[in-house]
Amino acid sequence: MSILWWHWIVIGFALCVAELALPALVLIWLGVAALALGLLVLLIPMPMTLQLLLWAVLSTALTFGWLRFFRRRPDDLRVGSSSEALGEIGLLVKAVEPYVPGEVLFQRPVLGSDRWACIAEAKLSAGSRVRVLAVEGSCVRVGAA
């Protein structure tokens, strides 16, 4: 049995379409490798064993290259790093009272957002400057700045 160039093209498209059903971003690289190998076999005929070896090497290189390029570094993760927000100064756009949440606007995004729901232990009017004292779930505890 021999694998022709157009077989690789069909296999490549099938793997790329299968990626739509199984979105793990692995099958796409196997498909891209198959498409590239199909074009290579069209230009340079080669035995099936070499084709399979090249496909395996190219698939592995593309997959690991993608993983290495897009790998998240531990210092990029912000989960649980609320200490970044402590001490930030913002402007109260909605008044806050004890047990009545307000809203604070920051000049630059804090933990990914420039607007936060806020709570305070004392009544603060809209337009006043506040300082972040703590991050409590999806809102910040503020005090007068």
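Me: Which residue in β5 stands opposite Ala 117?
Reply: In this predicted model, strand β3 covers residues 113-119 and pairs with strand β5, residues 139-144, in the parallel sense over three bridges. Ala 117 has its opposite residue in β5, and that residue is Cys 139.

Me: In which sense do β4 and β5 pair, parallel or antiparallel?
Reply: Strands of a sheet pair through backbone hydrogen bonds, in one of two senses. Within β5, Arg 141 is the bridge partner of Ala 134. Strand β4 (residues 129-136) and β5 are joined over six bridges, and the sense is antiparallel.

Me: In what order do the strands of the closed barrel run?
Reply: The barrel has five strands, and their pairing is mixed. Neighbouring strands of this sheet are turned by 55° against each other on average, direction ignored. The order is β1-β2-β3-β5-β4.

Me: Which residues are linked with Arg 141 in a network of salt bridges?
Reply: The side chain of Arg 141 meets that of Glu 121 at 3.8 Å, N to O. Because Arg 141 lies in strand β5 and Glu 121 in the loop between β3 and β4, this pair ties together parts that are 20 residues apart in sequence. Arg 141 also forms a salt bridge with Glu 136, at 2.8 Å. The residues linked with Arg 141 in the network are therefore Glu 121 and Glu 136.

Me: Is Glu 121 buried or exposed?
Reply: Exposed means a relative accessible area over 50%. Glu 121 has a relative accessibility of 67%, so Glu 121 counts as exposed.

Notes: Residues numbered from 1 in each chain as written. Predicted model: local features only at pLDDT ≥ 70, side-chain atom pairs only at ≥ 80, totals over all residues. Heavy atoms only, no water. Pairing = 2+ DSSP bridges. Helix = DSSP H or I, 4+ residues; strand = E, 2+ residues; numbered from the N terminus. Axes fitted to C-alpha atoms, helices over the stretch in contact; angles between N-to-C directions. Salt bridge = Lys/Arg side-chain N within 4 Å of Asp/Glu carboxyl O. Buried < 20%, exposed > 50% of the residue type's maximum accessible area, 1.4 Å probe, protein only.
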